[in-house]
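Let's walk through the charged side-chain pairs in this one together. Have a look at the sequence and model first, then follow the questions below.

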Amino acid sequence: LELDHIVCDGRQAAETALQYLYDAGHRAIGYVGETEKEIRYRSYRGFMAQQGLAPAPIIATPMTAAGGYQAEGRLLAAKARPTAAFCANDATAQGLLKGLAEKGVQVPGQLSVASIDNIPEAELTRPLLTTVKVPFKDLGSFAVKTLLDRINKGHSVYLNIFMPCELVVRESVAPPPCGPKGR
């Protein structure tokens, strides 16, 4: 398809969050979010395989606060209970954190949580959410500039602009309670 593309690489964002969890010592990392045609899910599967780890568990749920809230029970009931959860976005993580708090699960003491987007609400969660910042404002700004430049015939080649993502470390990730859990 011949179009200009201005994107933040979802694969890179997912790998950044997962690498941070891995570096903290987590080996049993669960996934919470959509799985159909979702690059963040495919990145999770690829990262786990690359590290020689089994996905544990995968909770397919809408990428909303309600989806994350509903996922909490399935995550805690999993046979192989994870030491960390990677949520596909911050909204899902918000719901998961709320559900975990209601069940008395200490984050990050008993379960670490990391996600992607860095929406403003990530600074309001308890604990504060560790997330990967997607530069939404810059994405929008570059998209408008590129569109206007295209309309004004300022460029003729099709552009692929990849915006960088950035890890924002807050309070929701700590080493696993019993050290690294190898598999």
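**Salt bridges and their surroundings**

Glu-102 has a relative accessibility of 49%, so it counts as partly exposed; here buried means under 20% relative accessible area, exposed over 50%, and partly exposed in between (1.4 Å probe, protein chains only). This is a predicted model, in which local features need pLDDT of at least 70 and side-chain atom pairs count only at pLDDT 80 or more, while totals for chains, interfaces and linings use all residues. Residues are numbered from 1 along each chain as its sequence is written, and side-chain values use heavy atoms, leaving out hydrogens and water.

Q: How many salt bridges does the count come to?
A: A salt bridge is a side-chain nitrogen of Lys or Arg within 4 Å of a carboxyl oxygen of Asp or Glu. By this rule, the count is 3.

Q: Which side chain meets Glu-102 in a salt bridge?
A: The N to O distance of this pair is 3.9 Å. Both residues sit in helix α4, 4 residues apart, so about one helical turn separates Glu-102 and Lys-98; helices (H or I, at least four residues) and strands (E, at least two) are DSSP runs, numbered from the N terminus. The partner of Glu-102 is Lys-98.

Q: Is Asp-117 buried or exposed?
A: Asp-117 forms a salt bridge with Arg-40 at 3.2 Å, N to O. The pair links distant parts of the chain, strand β5 and helix α2, 77 residues apart. With a relative accessibility of 10%, Asp-117 counts as buried.
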